[in-house]
Amino acid sequence: MSGRVLVGVKRVIDYAVKIRVKPDHSGVVTDGVKHSMNPFCEIAVEEAVKLKEKKLMKEVVVVSCGPQQSQETIRTALAMGADRGIHVEVSGKDYETLGPLQVSKILAALAKKEDAQLIILGKQAIDDDCNQTGQMTAALLDWPQGTFASEVSLEKDGIKVVREIDGGLETIKISTPAVLTADLRLNTPRYATLPNIMKAKKKKIANVKPADLGVDLTSRLEVLRVDEPPQRQAGMKVETVDDLVSKLKDAGKV
Amino acid sequence: MCQTEAAVGGLSHVTALVLTCTSSLSAAHRCIRALTAVQAERGAPQLYTAVTRRTCSSVTAPRITTHYTIRPRDKDPRWEGVEMERFADQADVVIVGGGPAGLSAAIRLKQLANEHQKELRVCLVEKAPQMGAHTLSGACLEPSALTELFPDWKERGAPLNTPVTEDVFNIFTKNHRIPVPILPGLPMQNHGNYLVRLGNFVRWLGEQAEELGVELYPGYAAAEVLFHEDGSVKGVATNDVGIAKDGSPKDVFERGMELHAKVTLFGEGCHGHLAKQLYKQFNLRENCEPQTYAIGLKELWMIDEKKWKPGRTEHSVGWPLDRHTYGGSFLYHLNEGEPLVALGFVVGLDYTNPYLSPFREFQRWKHHPFVAATLEGGQRIAYGARALNEGGFQSIPKLTFPGGLLIGCSPGFMNVPKIKGTHTAMKSGILAAEAIFPKVTAEEADSETAGLHVPEYAESLKSSWVWKELHSVRNIRPSFHNPLGLYGGMIYTGIFYWILRGKEPWTLKHRGLDAHQLKPAKECTPIEYPKPDGKISFDLLSSVALSGTNHEGDQPPHLTLKDDSVPVARNLAVYDGPEQRFCPAGVYEYVPVETGDGMRLQINAQNCVHCKTCDIKDPSQNINWVVPEGGGGPAYNGM
């Protein structure tokens, strides 16, 4: 039992920034825009560090796939308490088309290479809202998955996960090794304080190329066009039901 | 303490009675009865009645300020037993603020260290989440200081991509303009200068600094100045994190960190909050005039390509401001591969009408035919605001004190008629580095105090071009205070600057503190501003959203009030709440209290764009802006 947790973190545009579509409609402007760690990934890192502090896991390894700047995101995770980082270099065109399928292949390969016992990810990224990487990674590894986790407890015979589902809360027990994805109420992430950021500069970040892991980055998806949502039209208030019906008839809806 | 203290004009004799009230409902009723009695006896006019009804709530107002700088934690039972010990680290030099001044100082220090093969640990803390995210400026950069710092700036890829090609100056009237020729020698002549996106320039400076080995820590705000036993500056402490909105510690509470240094450079920009403390602590302003300010609001627009004239620089004065309100506009056509223009409006904060809203003046200025023609068919992509210095030469404080010194716009080296302060800020950073380098690397500390005192910095600044430049334009801004207002100022500039180059033997004075210039609301006329049309002019909240500003919601508001009752009792009562109008981010709102009559001040701290205008212009000087949790604030991108 390695006692190793692999945590995936993604560098995304900060949630408070107003995004803008590129003039050529190929995507969203990212140059110079404030980025930060995906909020659900912060929760995932916090959970992993908590497990280590409770001595239920021995080592937390944090992974990020992306360009040079992803290293900053890994540093923040290291400052939160992760032990070491792996930066999978993906940049340029490859980065623009990077999606859950390729990332889950990378994570699966790393999990085997690092002999990980547990993979914790955020449930989804706030830029694409795919909510697929955790599930795909589990499938590729043929591991059980505990997604939308709002409570995680490691027990002798497996992991008890309380999941947030449409109908309420579902409690399951899965065997290890497993993949977990973090939902909002799992924990409150700690701050990355300055002394920890300074210490994190001394922690190791290994550089890996997707090719070294035998992963092909070709995307099966092609983005045709990106547009802003249509402007919301002003509504209309009516006084009576008859008014409403006649207006609906006029508009051809009835 | 009674929350219904009413200090309205002639009712001041009641204040003494009111102040002795204890905080309870019956006390509030006593206050109201007392005031009503006075009101009846004076046969108060309409306005008084309205005003007293607003200033006397029948319920005590909720506490607004919970920040520990106003409500100390050592006596607070919620903080009992909380570990307050801070981790400390030692550097040679600590720099507060990652703007042009701070970064120039850091870079110069490391250049000197490499030249002389000396080890030097330089740490720079910056409250913005990334370098340049809190930077906002026009900007038209004079590259003199940059060339001194990096003679090869072009090869290094400094983002100076737009040389000025055309320079236009107009006096606007409501529908027309009067062009003013920019003769060589006038301060607003821009040949040889570059239009830059200062945020991108600062980001580039940050990259250069990191390459040279400066330790940059964006996302960490310097919250406190630390002192040695002998009173000299020991360094700074960064902000605590994890304090709830009500001032109590959360589970994730962690103390900030202490950074100790031989000497600390303070480069917080215009009206820095630590500088404000240092002025008091070391009496740095005893021989200079108070600083005077302006607020600058800015937007970036993507315009119709056909209207794009890269390198074109436009400035205007006049409409919509009257001749007694200082201010003007800029519109710069950038040349960075897309039809982007940077435009903005500056209003002097010595304006007298509390009904004036700098934001709405900016929005309505855009409708002037000359400006609207450029913006029609375009799209606004960014918004922001920041206060800037206008005091110039007369307002420069003492620059050095034991353990530290002030650089950049913090003490204030802006050349107001040129509307440029970046080149002088950078030069001050460079001179600071050159002055402290021999002292921090000396084998034996040559100082009486534990924190190094470096008066050589002030000396070298005084014999540099910065001083000469600021001295020559010192009378232009104050010349504005004459019966002809703007026109008098322009005549003065024409005679004494253009012809005599500022060599006149006298030095005109400013009017005093900006905060004291407001006239009471009853003496002024409200201004009828046009409604925003959603195409050229916009409302405040959609503008604030474009600044990308955000703060952790569950933290004490960083706009602290020395006295929670003053806003309703004085600002609203006498000045009709000018903070509702001068804040460019909608932080201050007077809302009706939930039960009963009266108003209360609501502080929407999350909207703050860190412009510092409220701390400057509050007529009661009751607002004290302190630094929020690091990383919060605007997310400007190349502003």
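Visitor: How many salt bridges does the rule find across the interface of chain B and chain A, and what makes a salt bridge?

Guide: A salt bridge needs a side-chain nitrogen of Lys or Arg within 4 Å of a carboxyl oxygen of Asp or Glu. Across the interface of chain B and chain A the rule finds zero. This is a predicted model, where local features need pLDDT of at least 70 and side-chain atom pairs count only at pLDDT 80 or more, while totals for chains, interfaces and linings use all residues. Side-chain values use heavy atoms, without hydrogens and water, residues are numbered from 1 along each chain as its sequence is written, and chains are lettered from A and ligands numbered from 1 in the order in which they are written.

Visitor: What makes residues of chain B and chain A count as in contact?

Guide: Contact means heavy atoms within 4.5 Å, and therefore 31 residues of chain B are listed as touching 22 residues of chain A.

Visitor: What is meant by the area buried between chain B and chain A?

Guide: The term is the accessible area (1.4 Å probe) that two parts lose on being put together, summed over both. Here that comes to about 2200 Å², with 61% from carbon and sulfur atoms. On the chain B side, B:Tyr217, B:Tyr220 and B:Val252 lose the most area to chain A, together 23% of what that side buries.

Visitor: Why are strands S4 and S5 of chain A called paired?

Guide: Two strands pair if DSSP finds at least two bridges between them; S4(A) (residues 59–66) and S5(A) (residues 84–89) have six, so they qualify, in the parallel sense. A:Val62 stands opposite A:Gly85 in S5(A).

Conventions:
Helices (H or I, at least four residues) and strands (E, at least two) are DSSP runs, numbered from the N terminus.
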